[in-house]
Amino acid sequence: MDYNKFVEKQVEDIREAVGDGIAINALSGGVDSSVVTMLGHKALGDRLKTYFVDNALMRKGEPEHVVRVFSDVGIPVELVDAREEFLSALRGVTDPEQKRQAITDTFYADVFVRLVKESGARYLLHGTILTDIEETVDGIKRQHNILEQIGIDPEDAYGYTVVEPLKTLRKDGVREVARLLGLPKEISERIPFPGPALATRIVGEVTEEKLELVREATAVVEEELADSGAFQYMAVLLGDRATGIRDNKREFGRIIVLRCIESVDARTATATQLPWDKLNQICERITSIEGVNRCLYDLTPKPPATVEYV
Ligand code: XMP
């Protein structure tokens, strides 16, 4: 594929779709939404309003970091504090698909509707990629950003039109475009991180306490495996507890799973053969987090597992 032509065509298409109107987009700092932000700004300039929605499910320091990276390339990003909205939508919800649904509804029916109203926009630019569409349509997993392909007309349902410039690309193609657009390496080579964020890495109900644990464990894993060359790595908090010993006392503690995979496009994956020393080091650091007394390494390929746990 000629990615220069792809960029030109998408910029043209965005201009045509939005006309002389205003559009918004939500930037998470992942490669997909970052590329959409760049394409949208090329096409619309300051008629695109870019927001970072803090949904309480992001990684350590992520909101401030993403805003800073984009300010460095000249794109202003407004931080929206929607933490309480997401936490209350997730309260008491344990079923994986219902969790995803609650996040989708909060994004599309609450937060985006509000932002569209406030900004006077009628268009939402969106980082949906081909794999998201295929997996949702195939019934494997409802990706949070799929609407039209499962029969939801956003115009009718929410009052804005969705524009999806990346829907013909897979992750490898999106990275090519990111490099071409001059995005910093930390964005173009960034490991995938799902839209529903840390909620996909907590089995069972999402609470602030569990988010804090998985956020801390994620920071450890990402630091330890930054140079691993793996496709994706993460920490997952299981719903059960296990018996352990701390300070010579019995403790019924939390269980964290380390997942690290090799993959090309996330449609299939295998566990990375990490060195034993590295595994031990990660285990030691994870079990130093208060309340966590077990760390497991997940060997399961996709299929039968998926990459995320929820
Ligand atoms: P699964 O868990 O479906 O993950 O095997 C495949 C790839 O997609 C990412 N993922 C998502 N990305 N919205 C996204 O933008 C989502 O709802 C979502 N769910 C999973 C996952 O991190 C992996 O790279």
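Guide: This is a predicted model, and between domain 1 and domain 2 the count is 3 salt bridges.

Visitor: Why is the meeting of Glu134 and Arg267 called a salt bridge?

Guide: The side chains of Glu134 and Arg267 come to 3.6 Å, N to O. The term asks for a side-chain nitrogen of Lys or Arg within 4 Å of a carboxyl oxygen of Asp or Glu, and therefore the pair of Glu134 and Arg267, at 3.6 Å, qualifies as a salt bridge.

Visitor: Which helices each supply at least two residues of the side of domain 1 that touches domain 2?

Guide: They are helix 4 (83-90) and helix 6 (130-137), and helix 6 gives the largest share of that side, 3 residues. Sorted by class, the side of domain 1 that touches domain 2 has 6 nonpolar, 3 polar and 7 charged residues.

Visitor: What are the bounds of the two domains, and how far apart do their C-alpha centres lie?

Guide: The domain assignment of the chain gives residues 3-188 as domain 1 and residues 202-297 as domain 2, with 28 Å between their C-alpha centres.

Visitor: How many residues of each domain are in contact, and what area do the domains bury between them?

Guide: In domain 1, 16 residues are in contact with 15 residues of domain 2, where contact stands for heavy atoms within 4.5 Å. The two domains bury about 1400 Å² between them, and 54% of this area is on carbon and sulfur atoms. Across the interface, 7 residue pairs are found in polar contact, with both residues at pLDDT 80 or more.

Visitor: How many aromatic pairs does the structure hold, and what makes the pair of Phe86 and Phe107 edge-to-face?

Guide: The structure holds 5 aromatic pairs. The ring centres of Phe86 and Phe107 are 4.9 Å apart, which is within the 6.5 Å set for a pair, and their planes stand at 65°, which is over 60, so the pair counts as edge-to-face. This pair links distant parts of the chain, with Phe86 in helix 4 and Phe107 in helix 5 (residues 96-119), 21 residues apart.

Visitor: What is the phi value of Asn248, and where is Asn248 found?

Guide: Phi of Asn248 is near 65°, a positive value in a residue other than glycine, and Asn248 is found in the loop between strand 6 (232-246) and strand 7 (249-262).

Notes. Residues are numbered from 1 along each chain as its sequence is written. This is a predicted model: local features need pLDDT of at least 70, side-chain atom pairs count only at pLDDT 80 or more; totals for chains, interfaces and linings use all residues. Side-chain values use heavy atoms; hydrogens and water are left out. Domain bounds come from an automatic or database domain assignment. Buried area is the accessible area (1.4 Å probe) that two parts lose on being put together, summed over both. A polar contact is a pair of N or O atoms within 3.5 Å; within protein, one must be able to donate a hydrogen and the other to accept it, and residues adjacent in sequence count only if both atoms are side-chain atoms. Helices (H or I, at least four residues) and strands (E, at least two) are DSSP runs, numbered from the N terminus. Ala, Val, Leu, Ile, Met, Phe, Trp, Tyr, Cys and Pro count as nonpolar, Asp, Glu, Lys and Arg as charged, and the others, Gly among them, as polar. Rings of Phe, Tyr and Trp (its six-membered ring) pair if their centres lie within 6.5 Å; planes under 30 degrees apart count as stacked, over 60 as edge-to-face and the rest as tilted.
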